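These are my notebook entries on a single protein chain, written while I went through the coordinates one topic at a time.

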Amino acid sequence: MDSPTANKDRRRGALLAGGFAHFIHDGFTDCMFVLLPIWAGGFGLSHTQVGFLKMCMSGSMSGMQVPAGLAAERFGERAVLVAGTALVGSGFMLLSLADGFASFAVVLILSGTGCAVQHPLASSIISTAYEGHGRRSALGIYNFAGDLGKVAVPFTVAAIIGVFGWQAGVSLYGAFGLVAAVTIFAVLTRLGLGRREPPEPPQGAAQDSSPAARPLGWGIRDVRGFGLLAAISMIDSSARMGFLTFLPFLLIGKGLDITGMGFALALIFAGGAAGKLVCGLVAERLGILRTVVLTEIATAGLVLALIALPLTAAMATLPLLGIALNGTSSVLYGTVGDFVERRRQARAFGLFYTLGVGAGALAPLAYGMVSDAFGLATALTCLAASVSLTLPLCVMLRPALRAVET
């Protein structure tokens with residue numbers, strides 16, 4: 001049995017490695033919001049094509065979430081997490097050689113495959129390390145680390161692009177991803193984290209007949225609660241990804257340049273990072289579901305306001321919108337582990353993120369088609385209306401949340 005000191009070190013190491021992985025991977029996915037308008041202007045892409053490119057990365061990321069969880073059960077979370085981080089780093093270095101829509105699509109599929117491993121496996125490592133107590137707080141810190149990546153990386157990459165061009169920006173960050181893979185491997189190996197679990201006994205072998213020892217399948221203890229949680233995440237992710245993909249085009253239409261775009265994204269993601277704290281404090285006073293309702297209503301109202309506001313006022317609105325956009329995910333993600341058996345954390349988190357990221361992957365293509373047909377303002381208005389679909393789901397989720405909180 002590990003000593004209290006060793007166990008504390010393992011928990012801190014799990015949170016450090018998982019948070020760093022989240023920082024790196026969210027940087028890869030979110031600097032796309034800087035790159036897409038550059039490619040659209042340089043290569044004459046329509047909004048539908050822009051949405052398709054975003055879907056290529058997010059779609060492959062979504063489709064490989066469950067396989068990543070299953071691969072972790074066979075090879076260990078550490079091996080798969082490190083391999084995925086190295087793959088996306090290599091993909092971004094290859095991205096600098098792409099010269100048009102088709103080559104962008106191919107390399108983004110490769111990069112999205114590498115990004116798929118981070119959410120389910122880093123979440124699983126942390127959730128397992130903090131089993132018993134502190135899980136929700138640890139996952140909150142993990143999510144906060146991802147938001148720091150959203151703030152720092154797009155701003156930094158935009159600054160590099162402004163001086164050296166987009167090819168240099170993606171090459172340098174890709175190389176940093178390779179260094180990160182080595183670092184994550186070193187931390188997890190030193191503390192013995194993310195190793196392959198011993199295989200379960202065969203069906204015919206003598207074994208305990210208690211519920212804890214029975215075959216787990218997906219390991220979901222409350223299917224209805226898990227399903228409602230995933231449905232809210234899907235709607236929330238669709239609105240967030242659709243909005244962030246076309247926010248640069250809205251602001252460019254108001255007169256913002258590419259360098260300023262990095263700052264605009266930093267503002268909205270900084271608001272999202274602050275939202276982890278703000279929404280957590282609000283949830284303690286008002287409850288989880290009331291907080292989610294407030295954040296969704298605020299999201300819809302602020303998106304509509306952003307469409308009409310001039311550039312200076314729109315920029316001032318971005319931090320508040322960041323808080324609202326991240327409110328739902330920050331409040332609800334910590335509950336996923338409460339619905340799932342310990343040995344199926346990686347698999348269940350993979351399923352949860354597949355559904356959320358998959359919905360978010362389709363949204364940019366759908367809203368891009370609406371934008372090309374009816375205009376960007378109409379597409380964003382439809383997006384704002386879509387978040388109201390989470391409200392009845394929140395009411396239905398209330399009994400499941402009460403059950404896990406008692």
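**His22 and its surroundings**

I began with His22 and listed its contacts: leaving out residues up to four places away in sequence, His22 touches Gln118, His119, Tyr142, Asn143 and Gly146. I keep in mind throughout that this is a predicted model. I placed His22 in helix α1, which covers residues 4-30. Is His22 buried or exposed? I count His22 as buried because its relative accessibility is 3%, and the cut-off for that label is under 20%.

**The chain as a whole**

I next looked up the overall composition, and the secondary structure comes to 16 helices and zero strands. Of the 406 residues in the protein, 55% are buried. For the contacts between residues at least 6 apart in sequence, I noted that 86% join residues at least 24 apart.

**Aromatic pairs**

How many aromatic pairs does the count come to? I noted 11 aromatic pairs. Among them, Phe33 and Phe269 form a tilted pair, with 6.5 Å from centre to centre and 35° between the planes. This pair links distant parts of the chain, since Phe33 sits in helix α2 (residues 32-43) and Phe269 in helix α11 (residues 258-286), 236 residues apart. I found both Phe33 and Phe269 to be buried.

Phe246 and Phe249 are both buried. I also recorded a cluster in which ring pairs link Phe28, Phe92, Tyr173 and Phe176.

**Helix α11**

As Phe269 belongs to helix α11, I went on to the geometry of that helix. With 29 residues, α11 reaches 40 Å from its first C-alpha to its last, which is close to the 42 Å expected at 1.5 Å a residue. Where is the kink in α11 centred? I located it at Gly275, with a value of about 35°. Just after α11, I noted that Gly287 takes a positive phi of about 100°.

**Arg240 in helix α10**

I returned to helix α10 for Arg240, which lies in it. Arg240 counts as buried because its relative accessible area is 11%. The side chains of Arg240 and Asp236 are joined by a polar contact of 2.5 Å. I also looked up a separation across the sequence: the C-alpha atoms of Arg240 and Asn326 are 8.3 Å apart, although these residues are separated by 86 residues along the chain.

**Cysteines**

Lastly I searched the whole structure for disulfides and found zero. Cys115 is in no disulfide, and the nearest cysteine sulfur, that of Cys31, is 9.1 Å away, whereas a disulfide needs the sulfur atoms within 2.5 Å. Cys115 is buried, with a relative accessible area of 1%. I made an entry for Cys56 as well, which is buried with a relative accessible area of 7%.

Methods: Residues are numbered from 1 along each chain as its sequence is written. This is a predicted model: local features need pLDDT of at least 70, side-chain atom pairs count only at pLDDT 80 or more; totals for chains, interfaces and linings use all residues. Side-chain values use heavy atoms; hydrogens and water are left out. Rings of Phe, Tyr and Trp (its six-membered ring) pair if their centres lie within 6.5 Å; planes under 30 degrees apart count as stacked, over 60 as edge-to-face and the rest as tilted. Helices (H or I, at least four residues) and strands (E, at least two) are DSSP runs, numbered from the N terminus. Buried means under 20% relative accessible area, exposed over 50%, partly exposed in between (1.4 Å probe, protein chains only). The expected span of a helix is 1.5 Å times one less than its number of residues. The bend at a residue is the angle between axes fitted to the seven residues ending there and the seven starting there. Contact means heavy atoms within 4.5 Å. A polar contact is a pair of N or O atoms within 3.5 Å; within protein, one must be able to donate a hydrogen and the other to accept it, and residues adjacent in sequence count only if both atoms are side-chain atoms.
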